[in-house]
Every structure is written in structure tokens, then in C-alpha cells.
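Look at the chain below first.

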Amino acid sequence: MARGERMKSRRDFLKTTGGLVLATGGTWLAGHAHGADAVMGPAELPEGTLSASLLEALPGKVPLIKKSWRPPNYETPVSYFNDVFTRNDAFFVRYHLANIPEVAAAGWRVKIGGEAVEKPLELSLENLQNDYEQVEIAAVCQCSGSRRGMFQPHVPGVEWGPGAMGNARWKGARLKDVLTKAGLRKDALEIVFDGADSGVFPATPDFVKSIPVWKAMDENALIAWQMNGQPLPHWNGFPARIVVPGWTSTYWMKHVTSINAVTKPFDGFWVKSAYRIPRGKFPLVDRFISQETDVNTPITEMVVNSIMTNVANGQQVAAGQPFEVKGVAWDGGYGISRVEVSQDGGQSWRSATLGQDYGRFSFRQWTYVVTPSQRGPLTVMARASNRAGATQTFELIANPAGYHHNVVQRIALNAA
């Protein structure tokens, strides 16, 4: 799509949303189209990030919050999370490498091999769809660095707000079924994935990831070719991608071209050096032990989290009149047990009403009715807990890469 066409899409979006521009840091309120939503992100984002942000449409996508063009990194405006499943054309886009080929379905193949399989395979899309049992799983796909831009002090990396995530129904073949057919050996330690994208310069490390073999053999891990009942969009991995429910999306390899079983820890840059967190700082159960060191470990499962989706900082509400606060909660697959809401800045908490349970890896919607008792400022907070006993934090857990931001959200409203 030419730049003129992208900017036209942005203008069209503004027409449909009323085009209301706030005077604070370039934050836009698109209440007409999707409910109150500070589209460009919260005030905690670095000032330069907010002022440089714009809505831009990639081919096949609605206007998203552009973070970078090469490689393409685009964030979903929070208001799209008012729906439990995120529209394919509004789903966030995350790449590390800038060469992203248009992969034709007819010519696509994924090779399954490595030293720890006895019968290497090569699958076409037709093989993937017809030769294996097809399963569908509702699961949140979330960038490890979602909310990185809200870290204080700020840390390097893509300065994401809260929209580097989405929830979808993923359909495909179980990874374990494919590995079993390839004759996975008992000495297999890790499963290594590569995709069709590549770097502009030869020295750029190829984006290759591995997961422990026990995670690959989990019944929920998929080679998915469908998303919300449709073929995967190009920007989300067409024609097939890896889906690792509960774990951050760094392992969800897009445009997957090879799956190799190895007997030793994989030593690629994106596992050995990148996507790591300090040991012992987070309440993780799923550990990638073969890749741990004395000081750090690969990021794995998502921490428990929640977000309000239909209210934004600075929004005006009517004193004495009830209004509904909506949101979603999610975690690494233990399941959300409760969401609590405070309307007095955290002094007291009440249980929100949980929506339908679409499975332990999915968004869980919640609602709560707030009635401002008097005119003036009003601070609403929401915190989620999961069935493993973990609850969102009130203080940021500092780490060099800005991962796992799950601080309880605060929304400042004004009752008039």
C-alpha cells in the first residue's frame, strides 16, 4: 500500500471516529467508534513516543498505532478489546526482521527434522489441514514487551503501550502429533523453530527460537493455519505459525518453515541472549531449565493481568449516575479466578462480574458498575487474580528488557 493510501485510511478512520484530538501529548479519543479510548496510549509512555505516534493501516489491517515501519510493529488500540476475540484486521503486528516475504500457500512447506527425529517430514498446507486431527484453542497472543513504554524509568526497546496483544481462536494440528509422526526420540531436549522472514543485513541474527520438548509435546501447542475462523493474515503468520498458549508470543513463530528436534540447548541469539528475565523475580511455574543460567532465564508464561477497555484517563462521567466499567483479564493458562474493582483509589475493593469462560488461555471479560457519589475526581482501579493464587502487583518489577508489566491499572475520571 502506498503512503498516500495509508494516510487516506487514517483520515477515513478519523471521519468515522469523530476525529476528536485532545491537547495532551497527542493522545486521541475515539469514543464515537469504539468507546472511550486514549488511542495512542497512556501518558506514561515516553513523550517522544506519544508525539511521534500515528494511526496507519497496513494492507489488510484497520489503522493501528504505528511503532515502527521496518520492521513493522503496530499496536492495537485498547477499545478493540471490548470484544473478547480480537478482530483479525485489528490484531497487533510484531516483527524483529524487515524482510517478510509474501508466502504463497501452494508453495509453502514446513520441514520437520533435526538430530532427534527418526523419520524427517515435509508438510504442505494441505498435509497440515488433512493428515492430522484439527483442534481449536482460544488463546491470548501477547508480546513479551507489552506495556514496556510504561516502565519508569524507561528501558530500551519498542515502546509498547497496553495493546501489543490480542485474543483469538487458533486452529491447526497439534505440534506433538506432527513430532510423533516424525519419530521424536527420547533424547530430544528442545524443539527449534525458524520462519520465512530474514534480516536486511547478513550479520543480523536470524529470528530462530526454541522451546523445551515437554512444552512442544503439550496437547495445546499447535501448528496453526486458521485464526478466528479465517486463514491467518499475512502480518500474523500466513500460511502457518506456531501457537504456544500461555507463553509470550516470542515463541509463536510466524510463517514457520522448519521445526527441528535437538539434543543440546539451542545457542541462537534470540534464546541465549535475548528474551531473558532475572531469575527469581517473577512467580513463574513453567521454567525453561535447559536455557537457565545462574542469573537469568528465558521468559516463558505470561503473568496475571487485566485492563479496562471502555474508560480512559480524563473521561467525564455523571455524578450520581451508574456507569459500567468493562475490561478483560488473562494469565499464563491457570485461569482467572476473580477481578476486583476499586472506585476510591484502592481503599476498598469489590468483586466484578466475570463473563463467559472461553478456556484458561483466553481473555476473560469482566464488568463492574460504578456510581460516583459526588462531584469531583474519581480513581477506578482493577486487579485480577488467577487460580494459582497470583495477583497483579501494585509496584513495577524492574527488569532490563521491560517485560511482565502487570501493575494494577488506575484510571482517573471526573464526575460532574
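## Surface and charge

In this predicted model, the protein exposes about 17000 Å². Carbon and sulfur atoms supply 51% of that area.

The protein carries 43 positive and 37 negative charges. Their mean positions lie 3 Å apart.

## Overall fold

The secondary structure comprises seven helices and 25 strands. Along the principal axes, the C-alpha trace spans about 70 × 50 × 40 Å.

How does the radius of gyration of the protein relate to that of a compact globule? For 416 residues, such a globule would have a value near 22 Å. The protein has 21 Å, so the two agree.

Buried residues make up 58% of the 416. Sequence separation in the contacts is also on record here: take pairs at least 6 apart in sequence, and 68% of their contacts join residues at least 24 apart.

## Nonpolar cores

In soluble globular proteins, nonpolar side chains tend to be buried together. In this model, the largest nonpolar core holds 71 residues. The residues with the most contacts inside this core are Ile-112, Trp-170, Leu-175, Ile-191, Ile-223, Val-256 and Ile-259. Which element gives this core its largest share? Strand 11, residues 222-227, does, with five residues.

A second core is separate and has 21 residues. Among them are Met-308, Ala-382, Leu-413 and Ala-415.

## Thr-86

Thr-86 sits in the loop between strand 3 (73-75) and strand 4 (93-94). Is Thr-86 buried or exposed? Its relative accessibility is 1%, and the cut-off for buried is under 20%, so Thr-86 counts as buried.

Leaving aside residues up to four places away in sequence, Thr-86 touches Thr-76, Phe-81, Phe-91, Gly-166, Asn-167, Asn-228 and Phe-363.

## Leu-97

Leu-97 belongs to the loop between strand 4 and strand 5 (109-113). Leu-97 counts as buried because its relative accessibility is 2%.

What does Leu-97 touch, not counting residues up to four places away in sequence? The partners are Pro-71, Asp-197, Ser-198, Gly-199, Thr-204, Pro-205, Asp-206 and Phe-207. Pro-72 is 25 residues from Leu-97 along the chain. The C-alpha atoms of Leu-97 and Pro-72 are separated by 8.5 Å.

Conventions:
Residues numbered from 1 in each chain as written. Predicted model: local features only at pLDDT ≥ 70, side-chain atom pairs only at ≥ 80, totals over all residues. Heavy atoms only, no water. Helix = DSSP H or I, 4+ residues; strand = E, 2+ residues; numbered from the N terminus. Rg over C-alpha atoms; globule rule 2.2 N^0.38 Å. Buried < 20%, exposed > 50% of the residue type's maximum accessible area, 1.4 Å probe, protein only. Contact = heavy atoms within 4.5 Å. Areas by Shrake-Rupley, 256 points an atom, 1.4 Å probe, with all protein chains shown as cover. Lys, Arg positive; Asp, Glu negative; His and termini not counted. Charge placed at Lys NZ, Arg CZ, Asp CG, Glu CD. Core = buried A, V, L, I, M, F, W, Y, C linked by side-chain atoms within 4.5 Å.
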